[in-house]
Amino acid sequence: MIDQDKAASRPMAVAAALTGRSIDDMAFHEQLVVLTGELRALRTPNGRWIFVDAVRLLLRVAGKLLIDIPEGLDDLTQEVRQICETCYVRQQPTIRIGQLDSDLSDAKAILNIGCQPRSGAPCVSVSANGWLCRATSGPASLDGDFSQANPISSLFAASIGVSEVFKRLIEMSDDISPPIENMTFSLFDHSDDPGDIGPTLPSTLEIPNTLLVGGGAIGSGVALLAAQLALRGKLHVVDKQQYADENMGTCVLMERNGWSKRGKAARLAEWISDNGSATASGERDFIADAASRETCQALAPSVVINGLDDVVARHDAQMLWPDIILDGGINNLGAAVVQHRLDNLGKACLRCTFKLPEVDTHAMQADLTGLDIRALIEPGRQLTAEDLESAAPDKRERLRKQMSEGKTICSIVSEAAMARLGVNLDAEFRPSVPFVATAAASLVMAEFAKYLLNPSAAYHQTTVFGSLFLGATSSARINRAADPSCLCVIHRETILSSKVRLRQHLEV
């Protein structure tokens, strides 16, 4: 059984960080949120994707959820019921059919999938067409065209819509973060004033051998889109961790049963295989170790997709030197994608982009934990009695308790770092919200789809959506130049020639 408090802990921590005040957990989750949609919109693939994605996201941030579905959508209703039964955190939502005109005056926030806002109500409407995502909390109607199917813009629209709901639940001041009005954003050219809706996606996309590094919040969003895009080909997932109860609040696919205490990589690969068209496999390991093992060696991935929050892991993933590496990143409200293509002529790789801090990390960790520096060389192993003997005397009691709990060196370092900041949290705790992670996944998969459609097209090295609360006006496109001292410059010819030899070997 999922621990409700742990499942809600990360979104609640973001709420506290954004508002600067303690959030009353019970009062927060008693606020009524309504999800509804217009029949014309929900009959389209985009409308259906947005609605279902919004259900998955709202279940993780709203305690009291009412879902209004128009009559005549039996398949959608059945899918929503199944998700609600397996993915709710606090309580199962109420589902009503054909009661869209009911009084919703008690609602703290209303999310409408369609183009018609509710006058005088705390309502945000979202839509998607082609590569465009649209959202408004204002009185004007949105463009009502949903005709060009694209799950990427649909997931981004759901993310923006749930972001607006969350903004109302935590009562953010309009002076700081006003309601979004008449926003349009293109996932194709990253413009907030796009000229067209972008190219049509094929019904299925053939992918080269692909490696997904990280099965957490961003990785879950990538997996969801992999299924919705009907990707065909080999997809291997690598992650060193298991799912824990707190991941329920951030991972869009995680369910109440059959996920917690399962390896992230294997469980996510299982979900992809069950719900998509790709041939998926999973491996529990550090990426640096997995890269040298048989599965990754045989895969020889042409594409690497990262959903990481660790600079060292990003550097290790880059050392695979795939044709393209796509890295999703998040903070409390912002999402970004960084990419590097092997055939680039001077754009920064991940090793250039994400710099390691120029400090003696082990000395800092030894000071935080009391552990001997020699114990910190193997972060993945569990604490031992020998480690206690060499630890600082004033830290041994705490370390002894952590050893009895079977904790790893890595988790002990994380706990100590958070404690230094005055925060008493479980190991590996990172405040986050699911809709920011799915926004990042949308940015990543948009770049992947564009690469598959036209591998030689120009691209931006970094695309940032600075704040979901502020909308498309916070987006930016950046091109970072490669660091002349980086491996991607110094050993460029060696990297390219080794890739050619590897391909020739695999073709034999």
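View 1. Five bridges tie S5 to strand S6 (residues 132-136), and the two run antiparallel. Two strands count as paired here if DSSP finds at least two bridges between them, while strands (E, at least two residues) and helices (H or I, at least four) are DSSP runs numbered from the N terminus. Look for Val126 with Ala135 of S6 opposite. At the hairpin of S5 and S6, two residues sit between the strands, and Gly130 takes a positive phi near 60°. This is a predicted model, so local features need pLDDT of at least 70 and side-chain atom pairs count only at pLDDT 80 or more, whereas totals for chains, interfaces and linings use all residues. Residues are numbered from 1 along each chain as its sequence is written, and side-chain values use heavy atoms, with hydrogens and water left out.

View 2. Strand S4 (residues 107-113) pairs with S5 in the parallel sense over four bridges, and Ile110 has Cys123 as its bridge partner in S5. Seven of the seven residues of S5 (residues 123-129) are buried, so the strand is largely enclosed by the rest of the structure. Buried means under 20% relative accessible area, with exposed over 50% and partly exposed in between (1.4 Å probe, protein chains only). Cys123, Ser125, Ser127 and Asn129 point one way from S5, and Val124, Val126 and Ala128 point the other way.

**View 3. The seven-stranded sheet.** The strands of this open sheet come in the order S3-S2-S1-S4-S5-S6-S7, with mixed pairing. Strand S3 (94-97) and strand S7 (183-186) are the edges, each pairing on one side only. Neighbouring strands are turned by 15° against each other on average, direction ignored. Strand S1 (residues 32-37) runs parallel to S4 over six bridges, with Gly37 opposite Ile113. H4 packs on this sheet, touching S1, strand S2 (64-69), S4 and S5, and its direction makes about 165° with that of S1. Angles run from 0 to 180 degrees between N-to-C directions, and axes are lines fitted to C-alpha atoms, for helices over the stretch in contact.

**View 4. Helix H4 meets helix H6.** The axes of H4 (residues 45-58) and H6 (residues 151-169) come within 8 Å and cross at roughly 45°. That makes H4 oblique to H6; under 35 degrees would count as roughly parallel, over 145 as roughly antiparallel and 65 to 115 as roughly perpendicular, with the rest oblique. Among the residues making the contact are Trp49, Ile50 and Leu57 of H4 and Leu155, Val162 and Val165 of H6. Contact means heavy atoms within 4.5 Å.

View 5. Strand S9 (residues 210-213) and strand S13 (residues 303-307) run parallel, joined by four bridges, and Leu212 stands opposite Ile305.
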